[in-house]
Amino acid sequence: MPRVAEPIDEYLPTTPGELCRWMAENADGEQRPVYPVGGRTALRFGYPAAAPGITLSTAQLARVVDYPARDMTITVEAGIRMDDLAAVLKRERQRLAVDVAQAHRATLGGAIATNTSGPRRYGLGTLRDYVIGVSAVDALGRPFKAGGRVVKNVAGYDLCKALVGSLGTLGVITQATLKLRPAPEASALVWAAFDRLSLIDAALARLAVSSTRPMALELLLPGAATAIAAEAGLDLPAHRPVLCIGVEGAPHEVQWQIDELTSELAEFHPHDLVAVNALESLRLWFALTEYQVVSDEPLTFQASVRPSQAVEFAACADQLGISVQAHAGNGIVLGHLSDRATTLAAAHSLLAPLYDFVRRAHGVMTILNCPPDWAHGLPLFGDLSPAWELMRRLKSQLDPKNLLNPERFFGRTPRDA
Amino acid sequence: MTTTDHDVSRSAAGVGAAFLTRLESIFGEHGLIRQPEELLVYECDGYVIEKNVPDVVVFPESTEQVVKVVNLCAEFQVPFVPRGAGTSLAGGCLPVGGGVMISLTRMKRILEVNLRDRYAVVEPGVVNLHLTQHLKGTGYHYAPDPSSQGACTIGGNFATNSGGPHTLKYGVTVNHVLGAEVVLPDGSVVQLGGAVEDTPGYDLTGLFVGSEGTFGVCTRVTVRLTRDPAACRTLLAVFNSVREATQSISQIIGAGIVPAALEMMDQGIIEAVEAAFHFGFPLDAAAVLLIEVDGLEVAVDDEARQIIAICQAGGAREVRQANSPRERQLLWKCRKQAFGAIGRLSPSYCTQDGVVPRTKLPEIQEFITAVGQRHAIRIVNVFHAGDGNIHPILLFDERDSDQVRRVLEASEEILLKCIELGGSVTGEHGIGVEKISLMHRLFDAHDLDVMRSVRQAFNPGGLCSPMKMLPTAGACGMEHVMQKRPGRRAAL
Ligand SMILES: Cc1cc2nc3c(=O)[nH]c(=O)nc-3n(C[C@H](O)[C@H](O)[C@H](O)COP(=O)(O)OP(=O)(O)OC[C@H]3O[C@@H](n4cnc5c(N)ncnc54)[C@H](O)[C@@H]3O)c2cc1C
């Protein structure tokens with residue numbers, strides 16, 4: 001079994017300047033590995049730490065730096081909790097249009113580092129579309145920034161993109177500027193249960209030319225549908241596969257779309273069709289966002305396939321007894337391995353057909369969460385493409401001593417050759 | 001401006017006979033040009049202030065040919081620069097230090113269109129508008145629509161992260177690129193991202209977009225396709241003062257409305273555009289706003305009404321609505337071809353590109369007027385107002401060196417003011433060679449160091465489009481280029 005070392009010490013900088021000095025000292029001196037953390041909701045994503053080091057918490061970097069609401073941008077420190085950020089924005093009837101699970105704990109910096117997203121990515125995109133400026137500290141203690149505070153800007157390389165999804169391996173994000181959107185006046189979801197997955201596939205093809213403009217196209221196998229309905233506290237038909245479609249806008253716009261979707265779906269004969277409105281819709285959005293994290297089950301994966309392959313992938317998972325939620329309009333499929341997979345070997349054999357599927361489909365499968373001692377037995381980031389060599393080069397340019405989350409992306413590599 | 005700290009030499013003697021022979025064996029006589037009179041076309045792009053001819057221009061028709069020329073350049077240590085249609089306004093295509101120009105215009109196939117999965121795969125030389133036309137009638141389109149879309153290429157858009165009027169609502173190029181095939185300066189071919197989302201690892205696609213040709217050559221792009229809006233309304237709001245117009249812009253955005261497009265044209269531009277297209281613009285208006293809302297049929301009228309009310313409260317003397325698709329098209333034609341009409345106003349012009357927070361538009365426009373007066377340079381404006389992306393156009397006569405000097409001074413003052421107001425020196429045209437000297441003003445030494453490190457990961461030898469984007473500071477692996485080619489600067 002590979003050695004899994006828990007970082008022991010914790011460091012909580014109170015200003016970016018202090019953080020820089022500390023990082024520089026570490027890089028010049030002890031060179032201990034540094035493990036940045038935000039809300040600690042996604043620390044199982046990526047390869048576990050191989051050596052003890054220092055946990056660097058951004059908890060005290062949580063200020064709102066500048067909020068010119070009428071420019072529809074905000075600049076905040078990275079340790080701000082997503083819920084707190086949402087509350088600030090809500091006062092101006094604005095929002096960051098990205099769904100982040102466990103928003104009461106998750107921080108903006110963590111969400112950026114893990115490129116978190118949720119159901120509304122179909123209509124609204126992901127964090128890379130909203131982070132327009134960023135400040136960070138590299139492993140040598142150099143503060144750097146990129147982008148700016150205006151919504152359009154092409155001066156210099158767009159390091160915001162490099163940091164979104166970088167899993168804390170390129171720099172400690174200390175501050176970000178976000179592009180905001182007006183909060184919608186209303187939202188609603190259509191929850192339609194079908195007898196067969198093939199009907200959902202046909203319905204999804206139809207929706208590609210719908211007269212409506214959905215924000216979310218979610219496909220739920222019965223297990224996921226049951227869990228999500230329960231989390232939302234709603235009595236929804238969940239024994240069959242479900243297609244759940246979310247819309248937003250002015251109240252009459254929302255109502256028009258619900259009516260329209262109901263009639264567009266009729267031709268595919270849903271077994272049940274329920275419109276979820278008003279406050280209940282907020283609870284359902286929430287539950288759809290949380291599903292990827294609410295689980296005691298040992299392993300969570302995310303498959304990326306083309307949207308047209310999402311239903312087929314779900315069918316494959318279904319046959320293996322694995323329930324999934326798919327952001328079907330994006331081809332993103334999330335699933336938890338049932339607790340039948342109590343060993344790495346069992347997980348392996350369960351996942352094998354899914355790995356085969358994504359290989360055939362030119363997609364990829366990522367493990368978002370698994371027991372640390374399984375990590376080196378699984379291809380956490382799928383089959384590595386030639387682009388990984390370039391990623392390694394980028395990592396070693398920005399972190400030549402390999403101090404920041406040294407193993408997370410690339411697994412165990414000899415430190416400091 | 002401005003002594004930029006790069007070095008533009010007069011080409012020649014850069015590449016030897018052995019190199020050329022090898023190059024000819026790759027491209028044949030029809031895939032390459034090297035006669036001085038033919039090369040002249042390539043001495044500059046849309047930024048005409050600095051010029052330098054490349055030693056040779058090649059026209060690859062495949063990724064394999066790009067790999068071969070890049071490998072050859074590496075072997076002989078010859079610099080190379082990718083080029084699309086050459087509409088860059090920042091000198092991105094300038095072959096600093098000569099060398100090989102790799103023109104991608106013959107790689108212009110649309111390789112795949114997949115509507116169900118909302119993507120298309122195209123070669124870099126595909127002209128932006130051709131993709132749009134190809135998609136007509138499918139219910140989908142490619143959203144980024146730079147005003148130069150009739151000429152510029154998707155590869156050029158990718159490299160400069162282009163914007164356009166409709167990027168206000170839909171986002172700029174990077175928001176619509178899913179992946180790319182690139183040839184790195186070491187000759188390796190790497191697929192970044194692709195048709196599936198969330199490919200693991202760093203978002204190298206996002207990083208490559210906007211790298212202005214300094215990371216390698218893009219040979220294939222996977223772009224996101226967007227549903228056509230179900231309905232739209234196009235408005236023309238007429239104002240008696242620029243201030244009222246710019247204040248109305250902040251009011252609209254501040255009210256939480258995100259129009260599909262929100263463009264401003266001032267009196268000088270209106271005059272030129274009217275002379276060219278006879279739309280019926282009021283010639284005495286100080287400014288007009290061209291505003292488009294789109295969305296569901298049930299929603300667009302409400303939004304249009306709100307905007308009309310805001311404009312009227314803001315002092316608009318008239319708000320017209322385009323009554324037919326033809327009228328709408330003509331309005332957009334006027335806007336997008338406004339640059340072409342400027343020839344009527346002046347023999348030469350310099351289009352600036354800056355950004356301010358949208359609430360600062362009134363302030364920056366007043367500043368621009370004052371700068372124009374102080375330097376006795378006429379400045380007209382047509383720009384992506386909803387994004388705060390200004391385009392003051394400075395009119396001058398290239399033959400008058402004093403005017404040229406004043407234009408450059410005025411430009412710099414405007415851009416520095418953008419920085420002071422919390423903005424940027426370029427919203428879409430890029431840094432290229434034109435704005436290298438301003439990078440210090442926007443970024444500090446650490447920022448630039450880190451950017452250099454990033455470039456080092458892609459382009460460690462520095463052969464790919466040297467002397468662009470980042471000011472040279474200390475060792476960047478490009479010293480040999482400078483040493484071999486001293487002397488500087490073409491025509492001013
Ligand atoms: C009248 C006019 C209006 C314009 N309006 C707009 C506008 O509304 N919005 C906007 O954003 N821009 C606008 N521009 C600027 C320009 O059109 C854009 O920057 C455009 O994207 C450039 O495309 P191109 O094919 O001409 O690229 P080029 O000018 O040929 O190249 C631009 C840069 O990209 C690099 N490059 C080109 N192709 C590749 C490739 N395949 N791989 C790697 N690097 C490559 C070049 O080295 C260069 O640095 C306008 C220009 C003009 C002249």
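Q: Which residue lies over the face of A:Trp285, and at what distance from the ring centre?

A: A charge counts as sitting over a ring if CZ of Arg is within 6 Å of the ring centre and within 35 degrees of the ring normal. In this predicted model, A:Arg120 lies over the face of A:Trp285, 4.1 Å from the ring centre.

Q: How many aromatic pairs does the whole structure have?

A: Over all chains, a search finds 20 aromatic pairs. To name the geometry of a pair, look at the angle between the planes, since over 60 degrees counts as edge-to-face. B:Phe208 and B:Phe215 have ring centres 5.5 Å apart and planes at 80 degrees, so this pair is edge-to-face.

Q: Are B:Phe208 and B:Phe215 buried or exposed?

A: Both B:Phe208 and B:Phe215 are buried.

Q: Which residues form one aromatic cluster?

A: The cluster is made of A:Phe45, A:Tyr47, A:Phe381, A:Trp388, A:Phe409, A:Phe410 and B:Tyr202.

Q: In what order do the 8 strands of the open sheet in chain A stand?

A: The order in chain A is E14-E11-E13-E12-E16-E17-E15-E18, and the pairing is antiparallel. Strand E14 (272-276) and strand E18 (364-369) of chain A each have a single partner strand, so one side of each has no neighbour in the sheet. From one strand to the next, the twist averages 20 degrees.

Q: Over how many bridges do strand E15 and E18 of chain A pair?

A: Strand E15 (residues 299-304) of chain A pairs with E18(A) over 5 bridges, in the antiparallel sense. Within E18(A), A:Val364 is the residue opposite A:Ser304.

Q: Which strands does helix H10 of chain A touch?

A: Helix H10 (residues 310-319) of chain A packs on the sheet and touches E12, E15, E16, E17 and E18 of chain A. The direction of H10 makes about 25 degrees with that of E12(A). Helix H11 (residues 344-360) of chain A lies across E15, E17 and E18 of chain A, and runs at about 145 degrees to E18(A).

Q: What pLDDT does chain B average, and where is the pLDDT below 50?

A: Read the average first, then the stretches. Chain B averages a pLDDT of 91, with 93% of the residues scoring at least 70. Over residues 1-13 of chain B, however, the pLDDT is below 50. Residues 474-492 of chain B also stay under 50. For the complex, the predictor gives an ipTM of 0.95 and a pTM of 0.94.

Notes. Residues are numbered from 1 along each chain as its sequence is written. Chains are lettered from A and ligands numbered from 1 in the order in which they are written. This is a predicted model: local features need pLDDT of at least 70, side-chain atom pairs count only at pLDDT 80 or more; totals for chains, interfaces and linings use all residues. Side-chain values use heavy atoms; hydrogens and water are left out. Two strands pair if DSSP finds at least two bridges between them. Helices (H or I, at least four residues) and strands (E, at least two) are DSSP runs, numbered from the N terminus. Axes are lines fitted to C-alpha atoms, for helices over the stretch in contact, and angles run from 0 to 180 degrees between N-to-C directions. Contact means heavy atoms within 4.5 Å. pLDDT is the predictor's confidence in each residue, from 0 to 100. Rings of Phe, Tyr and Trp (its six-membered ring) pair if their centres lie within 6.5 Å; planes under 30 degrees apart count as stacked, over 60 as edge-to-face and the rest as tilted. Buried means under 20% relative accessible area, exposed over 50%, partly exposed in between (1.4 Å probe, protein chains only).
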